[in-house]
Number of protein chains: 4
Amino acid sequence: METALDALLAPSGTGLRADARRNVERLVAAARAALDEVGLDVTTRDVARRAGVGLGTLYRRLPSLDALLAAILADTIDEMTELAVRARGADDAWTGFAAFAEDFVQLRASSCGLHAALGGGGGPEVEPRVERLREAVRELVRHVQASGAIRPDVDSQDVAFVLATAIPPDHTLGMAARPDQWRRNLAIVLDGLRAQA
Amino acid sequence: METALDALLAPSGTGLRADARRNVERLVAAARAALDEVGLDVTTRDVARRAGVGLGTLYRRLPSLDALLAAILADTIDEMTELAVRARGADDAWTGFAAFAEDFVQLRASSCGLHAALGGGGGPEVEPRVERLREAVRELVRHVQASGAIRPDVDSQDVAFVLATAIPPDHTLGMAARPDQWRRNLAIVLDGLRAQA
Amino acid sequence: METALDALLAPSGTGLRADARRNVERLVAAARAALDEVGLDVTTRDVARRAGVGLGTLYRRLPSLDALLAAILADTIDEMTELAVRARGADDAWTGFAAFAEDFVQLRASSCGLHAALGGGGGPEVEPRVERLREAVRELVRHVQASGAIRPDVDSQDVAFVLATAIPPDHTLGMAARPDQWRRNLAIVLDGLRAQA
Amino acid sequence: METALDALLAPSGTGLRADARRNVERLVAAARAALDEVGLDVTTRDVARRAGVGLGTLYRRLPSLDALLAAILADTIDEMTELAVRARGADDAWTGFAAFAEDFVQLRASSCGLHAALGGGGGPEVEPRVERLREAVRELVRHVQASGAIRPDVDSQDVAFVLATAIPPDHTLGMAARPDQWRRNLAIVLDGLRAQA
DNA sequence: TATGAATGAGTTTTCATTCAT
DNA sequence: TATGAATGAAAACTCATTCAT
């Protein structure tokens, strides 16, 4: 499947010289890192500096920084959708669901930018992808619930909202998150979702 | 107890004309709403527009928008601390804890701005208050755990991070949150925190 | 002669109540003081505060603060002109000239605002008055020179420029001006202007 | 000696592109002109317009307009100090002093901005330099007075204040200064300072 | 009438985007 | 082609002036 990034970079991506291709890759990596660390209000200068290229190079390869961020978010959402679809094929329904939840979190689902994108502020690029993800999560939850592993009194929307907030921030109440804080958080949430044995 | 907002507005708040008082109240309400919806990087123009006043009015009453936001956040944090302290006095430890969690969520604990403030971006006004809240939550969790109501394998930091993320956004995956979505979310999380019967 | 201030205040000055008249006088005095201490960029709020009245009162009595400052400057210039004219009637030409120079300085001729006004930035209100002052100074210098008291190699323009800069600032090179610094300054300048005995 | 301007522009001044260097020079020249004509409260927009560059260019090269103005004033003051020190080495004390006075004036000592800076409104950058200048002038005057060339009844403070005001404005009383007006002014003042032969 | 609250144009500064080198 | 210099729209904040109380 063509990714949003492919589509974004296609115009200049066909017969790209080696150094040019390297610059594009650096820019994408720098934008991902900046998105995680700084959030959506990262500056173009910051991304260019992280990539080790000039501002002009950024604009030669990309229509705008916002377009790049949107493409990154879009692809992350597509990846989540793919995970949700695959999770339905797991031998054990609950194990598959729990693995999906872990992957979802590891995709840094609640990174500042993605959180906003999932919440509806993603623009025309991400909107349809969010819808596909919603349907995939809905199907997954139906599937797992049919197996009796998820409490019957929660629905796919509950699961979506619980997962949407399941990733802890780096700091809260002045405490730094442990490296495995997200896993501890998720364990609690999954325990709350699981049907009583 | 004098609140941070009282302290901020005190200089001009004593013998205020009716229209002036109304504008101050509108500004505070507008800033609260903007904090929830937009977060800490809301603009002065946005707050003034929401309040239905001019830019100058905002600055007549307030040293700066940041000062107002900090005062609002500080008071919200103080309120949370107060709730945590009171929760320890409940007859049933778990009931008291669950009530605290509900109140915490209803204070819109995960509003964009408060989220950042609790995460450490609150400035000198809120920092010490965050510490007091952390201690109050720690004490509350110790108390509830001593009663055996919370799973023994979670600690106060886990609780803090779980609560910090317990409030669902207005929208996710293109779905609007139901009016009671926060309560449904919380029920799942609390179930995950509660010790097995 | 009707002064610029009279003209400015005439519309509201006819049948003014005692308290209203007192407020006008206070405003004029406050503006004079502020002009001396702060200069032309004094604020309306400052003048109103010094006068002990509200901002509304200032605007009820005056078209604008700038108009008041211009009127004050205009009257000061007129007063200088009057002094120059009278100086020509002195028994001793040099004594009359020196006395004029002292009065000129004591009118705080180089106060920030007046300096600018004399230099040409005074607007349509002061321009013609500056011309009258120039002619009066020119006549005075011709008169004194005819008596042989002023060096023959200086002309009225030289005198004007020397006097325009003859008033020392409050501070220079980190030193505070003595109370009689202006008199010491002037003595040196006058010595330079006087014909050798 | 490294000047304050060098220090200010050093970070970006080393390997500057031709157009960038030209813009920096234009900005410095524009700021100098604006300081002379308008004074310390010149606007960034005015300086940028005079330099023929955009607002952003000003901020790319400079931390702030105030920093540039302070550096310009600081360097001018340092130059004056240097002149005062050198003047003490002249063969003839009075000739050296008169030459210093001419140079002092040619440095546009009474330009609106420098006037304010010497008067104490220069900020932390210029304050210590003003003190050095004061000491240099004091030493120079002592030296010249020891030679008997300056009237014994004036002291270094008198000289400072006289020189501080010795430069005529471009216009006064509606008359434009002649090109050599400053020299005519200074001649009168020096005559007033010189001891009788 | 007197007050000072409200307004918004203007100022400093930042940053996405374009363009000369 | 890559660079970073230049631009100007946008944001916080001030202050002259108007207007409700």
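Modeller: Helices (H or I, at least four residues) and strands (E, at least two) are DSSP runs, numbered from the N terminus. The model is predicted: local features need pLDDT of at least 70 and side-chain atom pairs count only at pLDDT 80 or more, while totals for chains, interfaces and linings use all residues. Residues are numbered from 1 along each chain as its sequence is written, and chains are lettered from A and ligands numbered from 1 in the order in which they are written.

Colleague: What does the run of elements in chain A look like from the N terminus on?

Modeller: The order is α-α-α-α-α-α-α-α-α-β-β-α. Counted by kind, chain A holds 10 helices and 2 strands. The C-alpha trace of this chain spans about 60 × 40 × 25 Å along its principal axes.

Colleague: Into which domains is chain A divided?

Modeller: The bounds are taken from an automatic or database domain assignment. Residues 4–67 form domain 1 of chain A, and residues 74–193 form domain 2. Over C-alpha atoms, the centres of these two domains are 28 Å apart.

Colleague: What makes two residues count as a contact?

Modeller: Their C-beta atoms, placed from the backbone, must lie within 7 Å. On that criterion, 36 residues of chain A are in contact with 38 residues of chain B.

Colleague: Which elements of chain B supply at least two residues each to the side that touches chain A?

Modeller: They are α7 (112–121), α8 (127–146), α9 (156–164), β1 (171–172) and α10 (181–193). The most comes from α10(B), with 8 residues. This side of chain B comprises 19 nonpolar, 12 polar and 7 charged residues. In this classification Ala, Val, Leu, Ile, Met, Phe, Trp, Tyr, Cys and Pro count as nonpolar, Asp, Glu, Lys and Arg as charged, and the others, Gly among them, as polar.

Colleague: Why may one say that chain B and chain A meet through the same surface?

Modeller: The copies do so because 95% of the interface residues of chain B are also interface residues in chain A.

Colleague: What relates chain D to chain C?

Modeller: Copies are superposed by least squares on the C-alpha atoms of residues with pLDDT of at least 70 in both. Chain D is laid on chain C by a turn of 177° and a shift of 0.3 Å along the axis, with an RMSD of 0.9 Å. Such a relation is that of a two-fold axis. Gly192(D) comes closest to the rotation axis among the residues of chain D, with its C-alpha at 1.7 Å.

Colleague: How many residues of chain D are in contact with chain C?

Modeller: There are 38, and they meet 36 residues of chain C. Here α10(D) provides the largest share of the side of chain D that touches chain C, 8 residues.

Colleague: What describes the packing of α8(B) and α9(B)?

Modeller: Their axes, lines fitted to C-alpha atoms over the stretch in contact, with angles from 0 to 180 degrees between N-to-C directions, come within 9 Å and cross at roughly 115°. Val137(B), Arg138(B), Val141(B) and Arg142(B) of α8(B) make the contact with Ser156(B), Val159(B) and Ala160(B) of α9(B). By class, that contact has 4 nonpolar, 1 polar and 2 charged residues.

Colleague: Which residues are the closest to DNA strand E?

Modeller: A residue is near a strand if its C-beta atom, placed from the backbone, lies within 6 Å of it. Of the 39 residues that surround DNA strand E, the closest are Asn23(B), Gly54(B), Gly56(B), Gly54(C) and Gly56(C).

Colleague: Which residues come nearest to DNA strand F?

Modeller: Gly54(A), Gly56(A), Asn23(D), Gly54(D) and Gly56(D) do, out of 39 around DNA strand F. By class, the surface near DNA strand F has 13 nonpolar, 16 polar and 10 charged residues.
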